[in-house]
Every structure is written in C-alpha cells, then in structure tokens.
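Visitor: I would like to learn how to read strands and cores in a protein model. Could you guide me through one?

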Amino acid sequence: MKPFALFPILATLLFACGDDDSAAAIKVTAAPGDTVGYDDGLVVVIDGDSYVVTGDPGEDCVMIDEVCVDFAKAGATCKDDAQMDVIIVDGEVQGVICYPPKDDATAISEVAVTQDGQVQIPQNVGHQVIVFDEDSNGTPIPGDVRIDAEQTSLYGNGIEETTIAGNLFVESNNSNVRSLTVDGNVEYTSNANRSGLAFCRINGDLTVLANNFVGLDCIVHGNVTVSGKNALLVGFGVAGNWDIDPTAVCDGCYSFEDSNDDGLVADSERGDPLSCQGGGR
C-alpha cells in the first residue's frame, strides 16, 4: 500500500454500473485524499490508491479500479447524503468514515485568521463540522486542541496546509479528524468510541484508548499504541513502535525511516510491513 502523500493525480474517469445518464453524472478521479475539501466529493481508497467521486452515485454501484462500489450499502451507517471515506480491501468494504451532510441540520464553523494574526478553533458545540478558511493555510494553530463535544468533525485543508502546533485530544464519541498535520501527539481517549482519523501526518505519537476506531492513510513519526478494541488501521506508516490490540484489523501498514526529514515517505524509506497480529514490534 502506497502512502497517500505520494499518490499521483491521474486522468478523470467516468464509470457506473447503471444507465448512461447515471454514468454521465458521476466523475471518478485518482487523486490524493487529503486535498478533498468538505462536501467536495466522496473518497474511496482501494488497496492503497485513493479516488475522488463527484456527482450522485444514487442506487447504482460505481466501477472503480475493477471494483463495483455500492455507495448506498457502504454508507448504510451514515446519514443520508453524508460525505464518506470508503475503505476497500480485496474488493470488499472494510470500513467507512462518515462526515455529516452539508445541509440545514449541520452546524458548520470556520476557522479563520483574525486581524491580529491569531487562529482559534470553535469548540464545545456538538454535531458540527469545523472547517478551515484558506487564509489559515500555512499558519500553525498554536497550543493544544481538544474535541470534547459529541459528533464533531475537524476537517483540514491538507497535510501541507493545516497544522496544529501542539497536541490534539479527541474526547467525544463519533468524532472524526481529517486532512491535517499535528506537530505534537494525538490521543483518542476512552470516551471517543467509533471515531476516525484520516489522511494525516503526526510528528509525535498516536494513542488510541477508544473502541471501534478507524484510521486511514496516516504517517506517524512517533509511536502508535492502540489499546482499544476492534480498531481498523489501513495504510499507516509508522517510524516508532507499533503496539496494537490483537482485536484490530490492519492492512497495508508499514514501518519507515524518514532519512531526509521531509515529513513524507519515499519508496526507498519504507521498511517492513506491520501486522496487527502479535502486538508490537
């Protein structure tokens, strides 16, 4: 499985297992998952390659990399019209990270740079999506960030654009973090069950105490410790120790050494595959 930061942007494809009108309405593009903004399309990761799907797939399945993806079935646990990251391994849906649909029922808060250059993240409001204004790109958010309201999504603009300078703590159920870099440590507490983390870079450690955690395509320069039950970890690159509860399912995870200190993982820097079986390495 290739690290998400190295995925090439390829030609756009039009696919569907349905009628011609359905096929014309759906666009599938191979592209890095972390660059997809909130409500800009669904992301499908198939055995390490990420694809962005725009348009309404409806009740038809969509052919992507020889896999017919049934979005209605994949998103059965999500709200109607929710944005999704769909994880497919060996032709089967292994996990879905759901983000609230962009409608009148979803509170959307925007992080922006103030006139004095400060950046603040709105918090303590449940059932919301926190997005980042483009003006905040390249400006690290100072201090630690805590997500302690239920069903909160923190949705960045990409690992090269959105950075939390301190630590990140996720302390509420059904809360997701996406498309950003954390310079410090990331912790999902025991109160953050059924939460997710996708398309990220962590320069410190990742600790998951919560159950039913889903992690997708992240580069972790420190240690990864998952003691919660029934985690799904796909496409993780880890430079430090790897200590995973045996109830977890892993696919495409690997060790690495960032020899040129650029924060990314070249093919030459990849090490051994990492398994969920047998604990740490």
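Guide: Let us go slowly, keeping in mind that this is a predicted model.

Visitor: Which strands pair with strand 15 in the parallel sense, and over how many bridges?

Guide: Strand 15, which covers residues 176-182, pairs in the parallel sense with strand 12 (residues 152-155) over three bridges, and it runs parallel to strand 13 (residues 163-164), to which two bridges join it. Strand 17 (residues 196-202) is also a parallel partner of strand 15, this time over six bridges.

Visitor: Which residues stand opposite one another in these pairings?

Guide: Arginine 178 in strand 15 stands opposite tyrosine 155, while valine 182 of strand 15 stands opposite isoleucine 164. For leucine 180, the bridge partner is cysteine 200 in strand 17.

Visitor: Is strand 15 mostly covered or mostly open?

Guide: As a general idea, in a regular strand the side chains alternate between the two faces of the sheet. Here strand 15 is mostly covered, since seven of its seven residues are buried.

Visitor: Which residues touch the most other members of the largest nonpolar core?

Guide: In soluble globular proteins, nonpolar side chains tend to be buried together. In this model the largest nonpolar core has 38 residues, of which Leu154, Leu168, Tyr188 and Leu206 touch the most other members. Leaving aside residues up to four places away in sequence, leucine 168 touches Val145, Ile147, Leu154, Val177, Val182, Asn185, Val186 and Glu187. Apart from that core lies another, of 20 residues, among them Ile26, Val28, Tyr51 and Ala74.

Terms used: Residues numbered from 1 in each chain as written. Predicted model: local features only at pLDDT ≥ 70, side-chain atom pairs only at ≥ 80, totals over all residues. Heavy atoms only, no water. Buried < 20%, exposed > 50% of the residue type's maximum accessible area, 1.4 Å probe, protein only. Helix = DSSP H or I, 4+ residues; strand = E, 2+ residues; numbered from the N terminus. Pairing = 2+ DSSP bridges. Core = buried A, V, L, I, M, F, W, Y, C linked by side-chain atoms within 4.5 Å. Contact = heavy atoms within 4.5 Å.
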